[in-house]
Amino acid sequence: MRILGIDPGLRTTGFGVVDVDGARLRYVASGTIQTHQVQTRALPARLKILFDGVREVVARYQPQAAAVEIVFVNVNPQSTLLLGQARGACLTALVDADLPVFEYTALQLKRAVAGHGRAQKAQVQAMVQRLLQLPGLPGPDAADALGLAITHAHASPVLDALQTGGERLTQSTSQYRRGRGR
């Protein structure tokens, strides 16, 4: 399975693409989508750059699933609103491309990659480098995006098992309601 991780940001959105084969992870690509070349007050133009950039990454690397970081609440409400709009542009691009989207918190990412939820950015970068056997440290935004892809790679077998179990539960419940239970 190929997973695209997205670390949304209004100025810089990180992306990372990882192939998963069982427990084996393989680095495919990573980078950033930058909007700093557009005026700060031109929010619609910045959101369009993010939307188009995510669509371009999806078209180029053809992932089967996407993992996106859930926005945390900042001290500054205006910053939180702007970040939420950037995240919305990224999510819309992923959904428009018919990708299943999974969401993870920064705490979940840090636990999955570094082993604890209080890991610093540098620790996440180092662990992503190690897990994917990269020749150098990825940038912080790309490292977070790759970390999200890794987080989903670890979580997806559990999510698949839960979904399969849920389907069995629904089937057995509906059979019982129809009087077929023993």
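Student: Which residue follows H4, and is its phi positive or negative?
Tutor: Gln133 comes after H4, and its phi is positive, near 50°. Gln133 is not a glycine, and its place is the loop between H4 and helix H5 (140-177). Most residues other than glycine have a negative phi. This is a predicted model, in which local features need pLDDT of at least 70, side-chain atom pairs count only at pLDDT 80 or more, and totals for chains, interfaces and linings use all residues.

Student: Why is Gln133 called exposed?
Tutor: Its relative accessible area is 72%. The cut-offs are under 20% for buried and over 50% for exposed, with partly exposed in between (1.4 Å probe, protein chains only). Gln133 is over 50%, so it counts as exposed.

Student: Where is Gln62, and what is its phi?
Tutor: Gln62 sits in the loop between helix H1 (43-61) and strand E4 (65-69). Its phi is positive, about 50°, although Gln62 is not a glycine.

Student: How do you know whether Gln62 is buried or exposed?
Tutor: Set its relative accessible area of 52% against the cut-off of over 50%, and Gln62 comes out as exposed.

Student: What makes Gln125 buried?
Tutor: Gln125 belongs to helix H4, and its relative accessible area is 13%. That value is under 20%, so Gln125 is called buried. Leaving aside residues up to four places away in sequence, Gln125 touches Leu137, Pro138, Gly139, Pro140 and Ala143. A contact here means heavy atoms within 4.5 Å.

Student: Which residues of H4 are buried, and how do you know where on the helix they lie?
Tutor: In H4 (residues 121-131) the buried residues are Val124, Gln125 and Val128. Seen down the axis of H4, they fall within an arc of 100°, so they line one face of the helix. The arc is that of the directions from the helix axis to the C-beta atoms.

Student: What share of the protein's residues is buried?
Tutor: Of the 182 residues, 39% are buried. Turning to contacts, 57% of those between residues at least 6 apart in sequence join residues at least 24 apart.

Conventions: Residues are numbered from 1 along each chain as its sequence is written. Side-chain values use heavy atoms; hydrogens and water are left out. Helices (H or I, at least four residues) and strands (E, at least two) are DSSP runs, numbered from the N terminus.
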